[in-house]
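Trainee: I would like to learn how to read a two-chain model. Can you take me through it, feature by feature?

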Amino acid sequence: MTGKFNRRDVLKAGTALAATGLFAEPLRAAAPPAEAVTPALIEAAKKEGKVVHYTSVDLPLAEKVAKAFEAKYPGIAVRVERTGAERIFTRIGQEQQSRIYACDVVQSSDAAHFVVWKRDGLLLPYVPEDVAQHYPAEHKDADGLFASYRVYLCIMARNTDLVKPEDAPKGFRDLLDPKWAGKIVKAHPGYSGTILTATFQTARDVGWDYYEKLAKQRIMQLQSASDPPKKLALGERAIMADGIEYGIFQLKETGKPVDPIYAVEGSPMIIGPNGILKSAPNPNAAKLLQNFMLSAECQQFNVEFGGLRSAHKLVKDKPGRKPLSEIKVMKDDAAAVERDSEQIKVRYTQYFKV
Amino acid sequence: MTIAISEQAPRRKHGFDYTKTVLYGFAAALVLLIVLPMSWLVYYAFVDKTGAFTIGNFYTLFSDPAFQEPLVTTFVLATSTSLICCLVAAPMGWLVARTDMPLRRTVRLMVTASFVTPPFLGAIAWELLAAPNSGLLNKLARSAFGLESDEHIFNIYSFPGLIFVIACYTFPYVFVLVANALDRMPGDLEDASSILGGGTWQTAKRITIPLVLPALLAGALVAFLQAMTLFGSPAILALPAGFHTMTTKIWSLFQYPPKPELAAAASLPLLILTVILLRAEHMILGRRSYSVIGGKNSDPRIIQLGGLTWLALGFCFVVLLCPVLLPYGALLNASFSRIATTPIWFDNFTFHNLYFVFFELSATKLALYNTFVLGIATATLGTILAVVISYLTTRQAVTGHRALGFLATAPVAIPGIVLGVGLFLSYTQMPLAVSYVCKSISGVPCDTFASAFQLYGTKWILLLAFLTLGLPAAYQQMQSAFRAIHPELEDASRILGATRLRALWQITAPLLRTSVIATWCFVFVGTIRELSAAIMLFTSETKVISVLIFDLNESGDLAAISVLGIIMLVVTFGIVALANRLRIGGSPVQIRNA
């Protein structure tokens, strides 16, 4: 690790310049009271007329949610800015440093980013009613800065035309068999928050030597975790070593030849929180969007259409999908990912060359 | 009536000649445009994270295998691309310029098409065609030859695959140079050879080939340069294959945590090598002037192909399949197919992709808007700059015109990604630097003043980048246009009492109209496809189409890319067609690779 130049410094430089030393962050003891959607809020949001949403959710799903919001609140246009979570993190850092305030609501598949943003005081405290009433404590920030917008697994999968169920690998170590050389697709932790989080959990529970050996399997290296399911469905590769579970669900349920594999070692758990930036140029529209995205309505839509899972207590699973309770799941640990992220990326690049 | 008289005439009653002011103004603008980002680049390359002087960045660059490998890869890539381009483009250029092959105009047109196709778009189209398992060509081959489900003929995600795709969109540079040299070569030298008893092959060996060799060599250098500095295609094809080139490595250094010092250090070798190669090209092409000393007295000799006609035509067809016919077909197919790599048939034809791009993808509108605003602004400003500078240099209006000409051509030596890094470093650090200097001089914080230098995050920084990259081609165009107009006409106007600017406006401007429009069009086309500088400089509010396409590629949304790509191609061809109708015998236009 470089030590001198880390996440904190980049952001600190920006905020320090902006604040010119006037307002030090007061310590908050607890979350602010929950807020309902009032006609006044809707009115104020409509005056702003737009809201900018940075997200790493797979683009078609993110745009569908945006369109649902626009349908519910006509007159407020949502612009979805989708890229990999690690790019979003870099981008927000650069923008804050240069005092560019473009983003209203941010969604990242790397929960560690919210640890950093919270520490650096970038997030606005805001608790939608749904979050206060229906989200378990582990899925909302104690200070009311963010809550889990989406829960899903990072899984393995097979193309059902190319791999028979009985031949399919059962776990990560099976992928090291020479017969899979040149047939595996995976995404990159330098781009994707899903994969960074998954790499941390897999390296912890399975071992780094798994990655060292996997790198010799002539894998197809993609960037985004939402790309491997698509390449798998095209038949470009037979096996997906990592990628988004919700992408596989979407493709499978529309008749594409893919099937999830839940590794015997466990599947990495990914939690993607949503938060509002303090510097949001459209703060009212931001609150409205945050409210909408965490509502039962949107969460249920995410489950039905998007293949995601939800932390919202009223949201029901879609029948036919394996419930989380029946899957061996690895434990998420955002603080540890935050601590190790640079090291993970460096090590990964050493093994995989890109 | 000579130029000297009007030049040396004492200042008349019409008073102040603005030329000098204009010269210094433009010189200052150019210095700002070029020297500023390059200075920051050099500064960053030689400091460490604390700002102390070091050469450690270069030590890392040349000793760390993570950098050595991309260096070697890039060198091999550029050399092979250059070689392939010459092998393909030289015979084609000859066929088109010197034989009676039918459809010669069509072939030239198709080469122009591959010339203006954004290379990153070509790379994505080739993913659709030749991905080892899902690629259309491999599927076809499997069903035609009965191969196993995981056997393939082409693998675009490989080093040879990357070389192939880059060569597809680089060979036009060689083609244009060779074909032009052959077009311009006077026929009487070859006539003399035949009159003296030389056969066709001897004439070719002793006269034609030596005369065209400099152009070919220069083409080879340009191709090398293009392949070396290209960003889009390697980013799309090399990363899945598991290797880096220098440009993708530089770009990856800005991923979290960013290492701007290393990126700056890695940019410098690209910059220096480009300068050297362009110098070499200039020397090689400069020598050509004495070889065509005979002037253009007779038309080039046309060789009858006879029975070889079909072979020649077949060769051209096969070559043009690669950059134009197949990729365009693949993009069209993916635009209207439910599954990007399944051929369109009744059961999978869909308009959903069009609907998605225009009505669901919320980034489309802004990106299109940004692209057109920037394209129009860059083309307009670039053309104005080019007109004024080339006037000052061709008419040798003032002392120092040579320096101005040099400054206007200099950006040719700056690869897009290097300029992107330079501008990024300049304009993200400028506000801090200005604020610091200002505070230490005046003693009060002057953040408001400093924030005026905050160009990062605005369209201005992209405009600066595109303007810098577009200027050399615009300048070359306008310069040759000015040379074609004899100064007598302006002199007459000035003798009759007009100021220099008035003479320019009333006499020269109408004569130049078509060249100006053509220049505008080509700067526009070059701008809307720029990726390598834009990828370093965009923010969410200033995203352009090329960057949007690149983003979509990373998440695998191939159908949306195809639709956007087709839009881009249609706009490009519209503009190119307009320019071609208007251009009257101008020199070939150089459009940068993105």
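Predicted model: local features only at pLDDT ≥ 70, side-chain atom pairs only at ≥ 80, totals over all residues.

Trainee: How many of the residues of helix 11 of chain A are buried?

Mentor: 10 of 11, so helix 11 (residues 283-293) is mostly covered. The cut-off to remember is 20 or more other C-beta atoms within 10 Å.

Trainee: How do I read the packing of two helices?

Mentor: Take the angle and the axis separation together. Helix 7 (residues 193-205) and helix 13 of chain A pack at about 90 degrees, and their axes are 10 Å apart. Angles of 65 to 115 degrees count as roughly perpendicular, so helix 7 and helix 13 of chain A are roughly perpendicular to each other.

Trainee: Which residues of helix 7 and helix 13 of chain A meet?

Mentor: From helix 7 of chain A come Leu196(A), Thr197(A), Thr199(A) and Phe200(A). They meet Ala336(A), Val337(A), Asp340(A), Ser341(A), Ile344(A) and Tyr348(A) of helix 13 of chain A. By class, that contact has six nonpolar, three polar and one charged residues.

Trainee: Next, domains. Where are the domain bounds in chain A?

Mentor: Domain 1 of chain A covers 7-150 + 272-320, and domain 2 covers 155-267 + 327-352. Their C-alpha centres lie 27 Å apart. In the contact, 16 residues of domain 1 of chain A face 22 residues of domain 2 of chain A. On the domain 1 side, helix 4 and helix 5 (112-119) of chain A each give two or more residues. That side has six nonpolar, six polar and four charged residues.

Trainee: And how is chain B divided?

Mentor: Into domain 1 (1-51 + 350-594) and domain 2 (72-336). The centres of these two domains of chain B are separated by 26 Å. Here 41 residues of domain 1 of chain B are in contact with 39 residues of domain 2 of chain B. Helix 27 of chain B gives the most to the domain 1 side, with 11 residues. By class, that side of domain 1 of chain B has 28 nonpolar, 10 polar and three charged residues.

Trainee: Can we follow one residue of helix 27?

Mentor: Take Ala559(B), which is found in helix 27 of chain B. Ala559(B) is buried, because 22 other C-beta atoms lie within 10 Å. Beyond its sequence neighbours up to four places away, Ala559(B) touches Ala334(B), Ser335(B), Ala340(B) and Asn353(B).

Trainee: How do I check the length of a helix?

Mentor: Compare the expected span with the distance between the ends. Helix 18 (residues 364-394) of chain B has 31 residues and should span 45 Å at 1.5 Å a residue. Its end C-alpha atoms are 43 Å apart, which agrees. Just after helix 18 of chain B, Gln396(B) takes a positive phi of about 45 degrees.

Trainee: Last, the chain contact. How many residues does each chain give?

Mentor: Chain A gives 47 residues and chain B gives 36. Elements that supply two or more residues on the chain A side include helix 3 (59-72), strand 2 (77-82) and helix 13 (334-352) of chain A. That side of chain A divides into 16 nonpolar, 13 polar and 18 charged residues.

Terms used
Residues numbered from 1 in each chain as written. Chains lettered and ligands numbered in written order. Domains from an automatic or database assignment. Contact = placed C-beta atoms within 7 Å. Helix = DSSP H or I, 4+ residues; strand = E, 2+ residues; numbered from the N terminus. Nonpolar A, V, L, I, M, F, W, Y, C, P; charged D, E, K, R; others polar. Expected span 1.5 Å × (residues − 1). Buried ≥ 20, exposed ≤ 12 C-beta atoms within 10 Å, placed from the backbone. Axes fitted to C-alpha atoms, helices over the stretch in contact; angles between N-to-C directions. Parallel < 35°, antiparallel > 145°, perpendicular 65-115°, else oblique.
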